[in-house]
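Me: Could you take a close look at one part of this model for me, the disulfide bonding, and then show how that part sits in the chain as a whole?

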Amino acid sequence: QVRLEESGGGLAQPGGSLKLSCVTSRRLDMTYPLGWFRQAPGKEREFVAIISTSSTNTYYGDFVKGRFAVSRDNAKNSLFLQMNNLEPEDTALYYCAKFKTPGVINPSFVADPEQYDSWGRGTQITVSA
(Lines give C-alpha, C1' and ligand atoms only; values in the text may rest on other atoms or scores of the structure.)
Protein backbone atom coordinates (compact mmCIF):
# COMPACT_ATOMS: atom_id res chain seq x y z
CA GLN A 1 0.00 0.00 0.00
CA VAL A 2 1.45 3.31 -1.08
CA ARG A 3 1.41 5.76 1.78
CA LEU A 4 3.27 8.66 0.20
CA GLU A 5 1.91 10.65 -2.72
CA GLU A 6 3.76 13.38 -4.59
CA SER A 7 2.23 16.22 -6.58
CA GLY A 8 3.27 19.48 -8.17
CA GLY A 9 5.38 18.23 -11.03
CA GLY A 10 5.13 19.57 -14.53
CA LEU A 11 6.90 21.54 -17.19
CA ALA A 12 9.09 24.48 -16.29
CA GLN A 13 11.37 26.75 -18.25
CA PRO A 14 15.05 27.06 -17.38
CA GLY A 15 15.34 29.51 -14.54
CA GLY A 16 11.79 28.84 -13.46
CA SER A 17 10.37 27.47 -10.23
CA LEU A 18 8.20 24.62 -9.08
CA LYS A 19 7.03 23.46 -5.67
CA LEU A 20 6.53 19.79 -5.01
CA SER A 21 4.30 18.42 -2.30
CA CYS A 22 4.15 15.01 -0.70
CA VAL A 23 1.34 13.84 1.51
CA THR A 24 1.49 10.77 3.70
CA SER A 25 -1.57 8.84 4.72
CA ARG A 26 0.10 7.68 7.92
CA ARG A 27 0.48 10.13 10.76
CA LEU A 28 3.33 7.97 12.07
CA ASP A 29 5.40 8.80 9.00
CA MET A 30 5.61 12.38 10.19
CA THR A 31 7.66 11.26 13.19
CA TYR A 32 10.51 10.34 10.86
CA PRO A 33 12.87 12.37 8.71
CA LEU A 34 11.52 12.70 5.17
CA GLY A 35 13.46 13.14 1.98
CA TRP A 36 13.38 13.70 -1.75
CA PHE A 37 15.16 11.73 -4.45
CA ARG A 38 15.10 12.00 -8.20
CA GLN A 39 15.80 9.69 -11.06
CA ALA A 40 16.44 10.66 -14.66
CA PRO A 41 16.16 8.14 -17.49
CA GLY A 42 19.18 5.87 -17.58
CA LYS A 43 20.59 7.22 -14.32
CA GLU A 44 20.76 6.08 -10.72
CA ARG A 45 18.33 7.39 -8.15
CA GLU A 46 19.89 10.56 -6.73
CA PHE A 47 19.52 12.15 -3.32
CA VAL A 48 17.99 15.62 -3.38
CA ALA A 49 17.19 16.63 0.19
CA ILE A 50 16.12 15.46 3.63
CA ILE A 51 14.57 17.22 6.59
CA SER A 52 14.46 16.17 10.21
CA THR A 53 11.22 15.59 12.08
CA SER A 54 11.27 18.98 13.76
CA SER A 55 12.63 20.76 10.65
CA THR A 56 15.75 21.64 12.60
CA ASN A 57 18.17 19.97 10.21
CA THR A 58 18.24 19.75 6.45
CA TYR A 59 20.71 18.21 4.05
CA TYR A 60 20.96 18.58 0.30
CA GLY A 61 22.62 16.88 -2.60
CA ASP A 62 25.72 18.65 -3.86
CA PHE A 63 24.07 19.61 -7.13
CA VAL A 64 21.38 21.67 -5.35
CA LYS A 65 23.73 24.60 -4.68
CA GLY A 66 21.16 26.63 -2.76
CA ARG A 67 18.46 26.38 -5.42
CA PHE A 68 16.06 24.08 -3.55
CA ALA A 69 14.49 24.25 -0.11
CA VAL A 70 12.89 21.34 1.71
CA SER A 71 10.22 21.94 4.33
CA ARG A 72 7.47 20.06 6.11
CA ASP A 73 4.19 20.68 7.87
CA ASN A 74 3.64 17.89 10.34
CA ALA A 75 0.14 19.07 11.18
CA LYS A 76 -0.82 18.53 7.55
CA ASN A 77 1.18 15.32 7.04
CA SER A 78 3.04 17.12 4.29
CA LEU A 79 6.53 17.49 2.86
CA PHE A 80 7.54 20.12 0.33
CA LEU A 81 10.35 20.90 -2.05
CA GLN A 82 10.62 24.43 -3.39
CA MET A 83 12.73 24.36 -6.53
CA ASN A 84 14.11 27.60 -7.96
CA ASN A 85 16.41 28.44 -10.83
CA LEU A 86 15.62 25.14 -12.49
CA GLU A 87 17.99 23.73 -15.06
CA PRO A 88 17.38 21.20 -17.86
CA GLU A 89 19.53 18.80 -15.83
CA ASP A 90 16.84 18.83 -13.14
CA THR A 91 14.52 16.92 -15.45
CA ALA A 92 13.65 13.71 -13.63
CA LEU A 93 11.04 11.78 -11.74
CA TYR A 94 11.00 13.11 -8.18
CA TYR A 95 10.16 10.86 -5.24
CA CYS A 96 9.47 11.52 -1.61
CA ALA A 97 10.59 8.90 0.88
CA LYS A 98 10.57 8.13 4.58
CA PHE A 99 13.91 7.62 6.31
CA LYS A 100 14.12 4.31 8.20
CA THR A 101 15.60 5.75 11.36
CA PRO A 102 13.74 8.21 13.60
CA GLY A 103 15.46 10.92 15.56
CA VAL A 104 18.71 12.61 14.68
CA ILE A 105 19.79 12.28 11.07
CA ASN A 106 23.21 10.79 10.42
CA PRO A 107 24.30 12.68 7.30
CA SER A 108 26.52 9.78 6.27
CA PHE A 109 23.43 7.78 5.34
CA VAL A 110 21.08 10.34 3.76
CA ALA A 111 22.13 9.72 0.16
CA ASP A 112 21.63 5.94 0.33
CA PRO A 113 18.20 4.90 -0.98
CA GLU A 114 18.45 1.74 1.14
CA GLN A 115 18.07 3.94 4.23
CA TYR A 116 14.50 4.78 3.21
CA ASP A 117 11.69 2.28 3.63
CA SER A 118 8.66 3.92 2.10
CA TRP A 119 8.42 5.67 -1.27
CA GLY A 120 5.88 7.49 -3.32
CA ARG A 121 5.32 6.77 -7.00
CA GLY A 122 7.00 9.98 -8.11
CA THR A 123 6.07 13.15 -9.94
CA GLN A 124 7.70 14.14 -13.22
CA ILE A 125 9.53 17.42 -13.67
CA THR A 126 10.62 18.49 -17.11
CA VAL A 127 12.73 21.60 -17.54
CA SER A 128 12.85 22.77 -21.11
CA ALA A 129 12.62 25.94 -23.14
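Reply: Happy to! A disulfide here is a pair of cysteine sulfur atoms within 2.5 Å. By this rule the chain has one disulfide. Please keep in mind that this is a predicted model.

The partners are Cys22 and Cys96, with 2.0 Å between their sulfur atoms. Cys22 belongs to strand E3 (residues 18-24) and Cys96 to strand E9 (residues 92-99), so the pair ties together parts that are 74 residues apart in sequence. As for geometry, the angle about the S-S bond is 55°, and the link of Cys22 and Cys96 is right-handed. Cys22 and Cys96 are both buried, where buried stands for under 20% relative accessible area.

Now for the surroundings. The chain has 11 strands and zero helices, which gives the pattern β-β-β-β-β-β-β-β-β-β-β along the sequence. Its radius of gyration is 13 Å, close to the 14 Å from the globule rule for 129 residues, so the chain is as compact as a globular protein of that length. Along the principal axes, the C-alpha atoms fill a box of roughly 40 × 30 × 25 Å.

Of the contacts between residues at least 6 apart in sequence, 59% join residues at least 24 apart. Buried residues account for 43% of the 129 in the chain. The accessible surface is about 6600 Å², with 48% of it belonging to carbon and sulfur atoms. Finally, the charges: there are 14 positive and 13 negative side chains, and the centres of these two sets are 6 Å apart.

Methods: Residues numbered from 1 in each chain as written. Predicted model: local features only at pLDDT ≥ 70, side-chain atom pairs only at ≥ 80, totals over all residues. Heavy atoms only, no water. Helix = DSSP H or I, 4+ residues; strand = E, 2+ residues; numbered from the N terminus. Rg over C-alpha atoms; globule rule 2.2 N^0.38 Å. Buried < 20%, exposed > 50% of the residue type's maximum accessible area, 1.4 Å probe, protein only. Contact = heavy atoms within 4.5 Å. Areas by Shrake-Rupley, 256 points an atom, 1.4 Å probe, with all protein chains shown as cover. Lys, Arg positive; Asp, Glu negative; His and termini not counted. Charge placed at Lys NZ, Arg CZ, Asp CG, Glu CD.
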